[in-house]
Amino acid sequence: MQPHNAKTNPSSETTDSTLIAPELKSGAAWLASADAVLRDDFLNELTEGELLALPFLFEFWALDHQLAPSGDWRSWVILGGRGAGKTRAGAEWVRSMVEGSRPLDAGRAHRVALVGETLDQVREVMVFGESGLLACSPPDRRPTWSATRRVLTWPNGAEAHAFSAHDPEALRGPQFDAAWADELGKWRKGEAAWDMLQFSLRLGDAPRACVTTTPRNSEVLKRLLAASSTVVTRAATEANAANLAETFLEEVRARYAGSRLGRQELDGELLEDHEGALWTLGGLHEGLVNEIPQFDRIVVAVDPPVSAKTSSDECGIVVVGACTSGPPQGWRAVVLEDASVQGQGPLGWAKAAIAARDRWSADRLVAEVNQGGDLVENVLRQVDPLVPLSKVHATRSKSARAEPVAALYEQGRVSHVRGLSALERQMTQMTLRGFAGQGSPDRVDALVWAITDLLIAPAAGWKKPRLRAL
């Protein structure tokens, strides 16, 4: 049997965490896998106080993704699939912040904000839910709920105030030393509500927030994940299989495994694809190549920025190679490099384009000249007077030009080398209605010009060779 040195306090039924020795706090897996005799021996050796405390010692029972990481962080984001144990983790984190060693002792936090998409969801999930704060709290530490004030109050005086993300202005004024935000990914006013919450986290030495959410393609969530002060734990639904109905897992596996909805709701994967997107990140990654073939042609496409200022938009510079032997149906292309630059001025991007041509021994440059006219050619020829150059003019919208190229991707005729994340991010934001990202999709424009020059335009003029009569 696993040894222990449990501390006891016979005169009290408190759920002090010191009642169970540290070496037992990671013993849930051992307890679950032990045979009946060992399990009975372990439980029989515990005192009454230890038995009362054991169900409420979350560190003992928690899965790895449910425990807060160590270190100096401001926001802890738990990304998980449905039923992965996010709510329980959030509730237990709040407990760890507000509770002291004994029921009336002060904890690290005294004023907590509970923020959900609606007040009903705060009340029914975060407070009264099966994994909510009331259900997780031992009897001697259980808070009381005031419906009129929308406040939970613990025996030690700590309070948790409920807020709806639909009303960001309600967070203007109050101040807190901790916050639990649930399902941030689906808040309709996510940016405003999260910003107001950050301004209210100003009490104590190190105010913190715990965010429990199923991943959604929302700007506020992506911005939070990118912050240097954010730590993240992730888990799929399967991670919490022991606490879920077997029939539920069987049904959702059969119905949604491998689908976009399944990847988001079960695997806890953040899908950055936009509705109506011409490309998906998953589709792009399925076509990654490990070996570069021998090409018939290589071009460097350039989409210059409108302004000549160094602070202007990016200059899209993309290198693509193509194999064009035989009929057009068999032509293939590989995107080799994204050499795009920003803030370097006309001469800077011209040098970058020529350098890309030299690196890949490309046949020519393809440059859009709608905005610059002869200026684009003149700048490029300042760097290399003899550079082979094809000038192209945009006569249709960006999405209309991109659609035929996206169709080639769907047919598996265009692949990428690894390491083109910036280009691929722009591609997943290009939709049938236009570009869903910020700024101009210069990288995508350059890609479209390259594929058009290599595969689409030549195919339109291709004629099947005639057989000579013998």
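A residue counts as buried when its relative accessible area is under 20%, as exposed when that area is over 50%, and as partly exposed in between. The structure to which these classes are applied here is a predicted model. Pro 346 illustrates the middle class: its relative accessibility is 25%, and it therefore counts as partly exposed. This proline belongs to helix H13, which spans residues 345-360. Across 33 residues of sequence, the C-alpha atoms of Pro 346 and Val 379 lie 6.7 Å apart.

The overall architecture may be considered next. The protein contains 17 helices and 16 strands. Of its 470 residues, 49% are buried. The protein exposes about 23,200 Å², and carbon and sulfur atoms supply 50% of this area. When contacts between residues at least 6 apart in sequence are taken, 69% of them join residues at least 24 apart.

Two loop residues show such separations in sequence. Pro 207 is placed in the loop that runs between helix H8 (190-200) and strand E7 (208-213). Its relative accessible area is 13%, so Pro 207 is buried. Beyond its neighbours within four places in sequence, Pro 207 is in contact with Arg 74, Phe 176, Asp 177, Leu 201 and Arg 202. Its C-alpha atom is 9.5 Å from that of Trp 73, although 134 residues of sequence separate Pro 207 and Trp 73. Arg 418 occupies the loop between strand E14 (414-416) and helix H16 (421-428). Because its relative accessibility is 54%, Arg 418 counts as exposed. With residues up to four places away in sequence left out, Arg 418 touches Leu 288 and Asn 290. Leu 288 is 130 residues from Arg 418 in sequence, yet their C-alpha atoms are 6.4 Å apart.

Charged side chains form a further theme. Side chains of opposite charge can pair when their charged atoms come close. In the whole structure, 26 salt bridges are found. One of them joins Arg 88 to Glu 92, with the closest N and O atoms 2.8 Å apart. The two residues are four positions apart in helix H5 (residues 86-98), so about one helical turn separates Arg 88 from Glu 92. Arg 88 is partly exposed because its relative accessible area is 27%, whereas Glu 92, at 6%, is buried.

Another salt bridge is formed by the side chains of Arg 443 and Asp 338, at 2.4 Å from N to O. Arg 443 lies in helix H17 (residues 442-460) and Asp 338 in strand E11 (residues 332-338), so this pair ties together parts that are 105 residues apart in sequence. Both Arg 443 and Asp 338 are buried. A salt bridge also connects the side chains of Arg 357 and Asp 384, with an N to O distance of 2.5 Å. Here, too, distant parts of the chain are linked: Arg 357 is in helix H13, and Asp 384, 27 residues away, is in the loop between helix H14 (374-383) and strand E13 (389-392). Arg 357 and Asp 384 are both buried. Salt bridges with shared partners also unite Arg 88, Glu 92, Arg 95, Glu 99 and Arg 141 in one network.

Asp 35, Asp 40, Asp 41 and Glu 45 form a negative surface patch. Within this group, Asp 41 is located in helix H2 (residues 36-45). The relative accessibility of Asp 41 is 35%, so this residue counts as partly exposed.

Methods:
Residues numbered from 1 in each chain as written. Predicted model: local features only at pLDDT ≥ 70, side-chain atom pairs only at ≥ 80, totals over all residues. Heavy atoms only, no water. Patch = residues over 30% accessible without salt bridge, like charges linked within 9 Å, V, L, I, M, F, W, Y side chains within 5 Å. Areas by Shrake-Rupley, 256 points an atom, 1.4 Å probe, with all protein chains shown as cover. Salt bridge = Lys/Arg side-chain N within 4 Å of Asp/Glu carboxyl O. Lys, Arg positive; Asp, Glu negative; His and termini not counted. Charge placed at Lys NZ, Arg CZ, Asp CG, Glu CD. Buried < 20%, exposed > 50% of the residue type's maximum accessible area, 1.4 Å probe, protein only. Contact = heavy atoms within 4.5 Å.
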